[in-house]
Amino acid sequence: MGRLFRGDFALEIRLGAALALFRVFAVPRISGLLAQTRAWERRPQQRLDRTVDLLSVLVEQGYDSGAGAAALARLNAVHARHAIANEDFVYVLAAFVTEPERVIGRYGKRPLRPVERTAAYVFWREVGVRMGIREIPGSFAAMQRFQMEYDARHRHFAACNQVTAEGALAAISRVVPAPLRGAVREVVLALLEPEVRRACGFAGEEPRLGRALDVLVAARRRVCGWLSN
């Protein structure tokens, strides 16, 4: 996993992890708990930075490193404060497996190879084991099936979804100067799956950049293909 992160897909993996948050926010039984803490409403930048930092340590240094173990301890301590169903833990874990793969498949210079997809699954499965998560699906494909079934049961719009999603979107937008923040919002919305976008309360904001992104990705893949020949 560290090789993928440091090599061909560093940007896509970071982007996929950020978009995974919105997939989680699209589920009221999870976003409702997050909304109660009001962290994404009051301190979105701090919450985003902390989440990114912990996940980056795990991916870059590994879960068995000293820093990785400390990151896992921090994650476990934060989650221990709340009564969270194991099924919800599995769903969040699955989001960090499948969303980067989706982003790479659609926007990367090439799709993941089967062995790379399996490596990503094994990495996050081991993170889940170390967090005490039970009944983790036994393969990447099984994790995708679990996610689809969970979405069918639990994903729908709720006000708490929109509160947490807007907080995260505001935090992401702040990485650029103020005049460019509207463009960042457009890009993020274009990258989200339509079902996730609607459940997060962005149904009235149909992104205008989706087609442009697809054209840019197609051009990038052609150039990468020429360079590799």
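Me: Is Arg14 buried, exposed or partly exposed?

Reply: This is a predicted model, in which local features need pLDDT of at least 70, side-chain atom pairs count only at pLDDT 80 or more, and totals for chains, interfaces and linings use all residues. Residues are numbered from 1 along each chain as its sequence is written, and side-chain values use heavy atoms, with hydrogens and water left out. Buried means under 20% relative accessible area, exposed over 50%, and partly exposed in between (1.4 Å probe, protein chains only). Because its relative accessible area is 42%, Arg14 is partly exposed.

Me: With which residue does Glu60 form a salt bridge?

Reply: A salt bridge is a side-chain nitrogen of Lys or Arg within 4 Å of a carboxyl oxygen of Asp or Glu. For Glu60, the closest N and O atoms of the pair are 3.5 Å apart, and the partner is Arg14.

Me: Which helices hold Glu60 and Arg14?

Reply: Helices are DSSP runs (H or I, at least four residues), numbered from the N terminus. The pair ties together parts that are 46 residues apart in sequence, because Glu60 lies in helix H5 and Arg14 in helix H2.

Me: Which residues do salt bridges that share partners join into one network?

Reply: The structure holds 16 salt bridges. Those that share partners link one network, made up of Arg23, Glu99, Arg102, Asp151, Arg155 and Glu193.

Me: Where is Arg43 placed?

Reply: Arg43 has a relative accessible area of 40%, so this residue is partly exposed. Its C-alpha atom is separated by 8.8 Å from that of Ala171, 128 residues apart along the chain. The place of Arg43 is the loop between H4 and H5.

Me: Which residues of helix H3 are buried?

Reply: Helix H3 spans residues 28-37. Its buried residues pack against H2, H4, H5, H7, H9 and H10. These buried residues are Pro28, Ile30, Ser31, Gly32 and Leu34.

Me: How many helices does the protein chain have?

Reply: Of the 229 residues in the protein chain, 47% are buried. The secondary structure includes 0 strands, and the number of helices is 13.

How values were computed:
Helix = DSSP H or I, 4+ residues; strand = E, 2+ residues; numbered from the N terminus. Contact = heavy atoms within 4.5 Å.
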